[in-house]
Each structure stands twice: as structure tokens, then as C-alpha cells.
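Take a look at the sequence and the model, and try each task before you read on.

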Amino acid sequence: MRALTDDETRLVFEKLKKYIGQNLRQMVDRADGIFLFRLHKERVFYMSERLLKHAGHIPKKELLSAGVCIGKFTHSRKFRLQITALDYLARLAQYRVWLKPSGEQHFVYGNHVVKALESSLC
């Protein structure tokens with residue numbers, strides 16, 4: 001595991017800022033400890049400093065993951081968020097939409113969410 005370079009950090013923060021905006025500061029500066037972004041096998045992980053120290057004792061080839069996988073870098077060096085980041089995005093999101101159960105069903109089957117199936121906007 002290694003720290004992100006300046007370009008990688010910029011790409012990750014730009015992508016996160018699209019979804020959580022100014023709440024990105026809450027993700028970086030937390031009161032319950034120091035949390036870091038680390039790169040391992042083209043995937044970006046979000047973890048506490050304590051977990052990083054424990055993961056340092058495992059050889060790189062044997063380490064699968066540590067912390068929460070926020071996203072990964074593609075071969076063309078674009079950053080893509082993964083579904084494992086959804087807990088953090090949902091908690092810190094700028095805009096939220098609540099769906100009725102029938103709206104969820106439409107979305108699960110691959111259709112668009114229509115305004116009639118939303119219960120309210122925030």
C-alpha cells in the first residue's frame with residue numbers, strides 16, 4: 001500500500017466532490033481519528049491510521065484489501081467510484097432523493113426513476 005500521488009489525489013477528490021461537495025472536509029478531517037486514502041493494486045482504500053499500521057505487517061502480494069474500497073483507477077487513469085463507497089456517499093451526500101418502494105423496483109430492473117415514484121426531494 002502506498003500513499004496517493006498528487007495527481008491521483010486530485011482525481012479522487014474531484015470525483016468525491018461531485019457527490020458530497022463541501023462535506024468532503026468531514027471525510028478527511030474526522031474527530032474520531034486520522035483517516036487516510038491509500039492505493040493498492042489500482043484500488044483506492046479509505047482506512048484509519050491504526051488499520052494501516054496493522055496492514056503494514058502483511059506482505060503486499062498477500063494483502064487483498066484493507067479498509068473500505070472507495071474506487072479504482074482504470075487503465076486510462078480515470079477514477080471510478082465503486083459500490084462499496086456508497087455508505088460514505090449516502091451519509092455525506094449534498095442532494096438526496098427518497099423513493100417509494102415501487103420506484104426502487106423500477107430502478108432495480110434497470111429503468112429510470114420517474115418523478116411520480118419519488119416521495120420527496122431534499
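## Exercise 1: Loop residues

Let's begin with R77, which is partly exposed because its relative accessible area is 34%. The cut-offs are these: buried means under 20% relative accessible area, exposed means over 50%, and partly exposed lies in between, with a 1.4 Å probe and protein chains only. Before going on, note that this is a predicted model, where local features need pLDDT of at least 70, side-chain atom pairs count only at pLDDT 80 or more, and totals for chains, interfaces and linings use all residues. Residues are numbered from 1 along each chain as its sequence is written, and side-chain values use heavy atoms, with hydrogens and water left out.

**Task.** In which loop is R77 found, and what is its phi near?

**Solution.** 
- Step 1: R77 sits in the loop between β4 (68–73) and β5. Helices (H or I, at least four residues) and strands (E, at least two) are DSSP runs, numbered from the N terminus.
- Step 2: The phi of R77 is near 65 degrees, which is a positive value in a residue other than glycine.

**Solution.** 
- Step 1: E42 belongs to the loop between β2 (35–40) and β3 (43–48).
- Step 2: For E42, a residue other than glycine, phi is positive and near 65 degrees.
- Step 3: E42 counts as partly exposed because its relative accessibility is 35%.

## Exercise 2: The helix α1

**Task.** What span should the 15 residues of α1 have at 1.5 Å a residue?

**Solution.** 
- Step 1: The expected span of a helix is 1.5 Å times one less than its number of residues.
- Step 2: For the 15 residues of α1 this should give 21 Å, and the end C-alpha atoms are 20 Å apart, which agrees.

**Task.** Which residues of α1 are buried, and which are exposed on the other side?

**Solution.** 
- Step 1: The buried residues in α1 are E8, V12, L16 and I20.
- Step 2: They cover an arc of only 75 degrees around the axis, which puts them on the same side of α1. The arc is that of the directions from the helix axis to the C-beta atoms.
- Step 3: An α-helix has 3.6 residues a turn, so residues three or four places apart point the same way.
- Step 4: D6 and K18 are exposed on the other side of α1.
- Step 5: After α1 comes G21, with a positive phi near 55 degrees.

## Exercise 3: The largest pocket

**Solution.** 
- Step 1: On a 1 Å grid over the protein atoms alone, a pocket is an open set of points where a 1.4 Å probe fits, with protein on both sides within 12 Å along at least five of seven lines; lining residues have an atom within 4 Å of a point.
- Step 2: The lining consists of K15, K18, Y19, F79, R80, L81, L86, L89, A90, A93, Y95 and R96.
- Step 3: At least two lining residues come from each of α1 (6–20), β5 (79–81) and α4 (86–92).
- Step 4: By kind, the lining has 8 nonpolar, no polar and 4 charged residues. Here Ala, Val, Leu, Ile, Met, Phe, Trp, Tyr, Cys and Pro count as nonpolar, Asp, Glu, Lys and Arg as charged, and the others, Gly among them, as polar.
- Step 5: The space in the largest pocket is about 320 Å³, a volume being the space filled by probe spheres set on the points, which are joined across faces, edges and corners.

## Exercise 4: The whole chain

**Task.** How many helices and strands are there in the protein, and what pattern does the protein follow along the sequence?

**Solution.** 
- Step 1: The protein has 5 helices and 7 strands.
- Step 2: Along the sequence, the pattern reads β-α-α-β-β-α-β-β-α-β-α-β.
- Step 3: The C-alpha trace spans about 50 × 30 × 25 Å along its principal axes.
- Step 4: Of the 122 residues, 30% count as buried.
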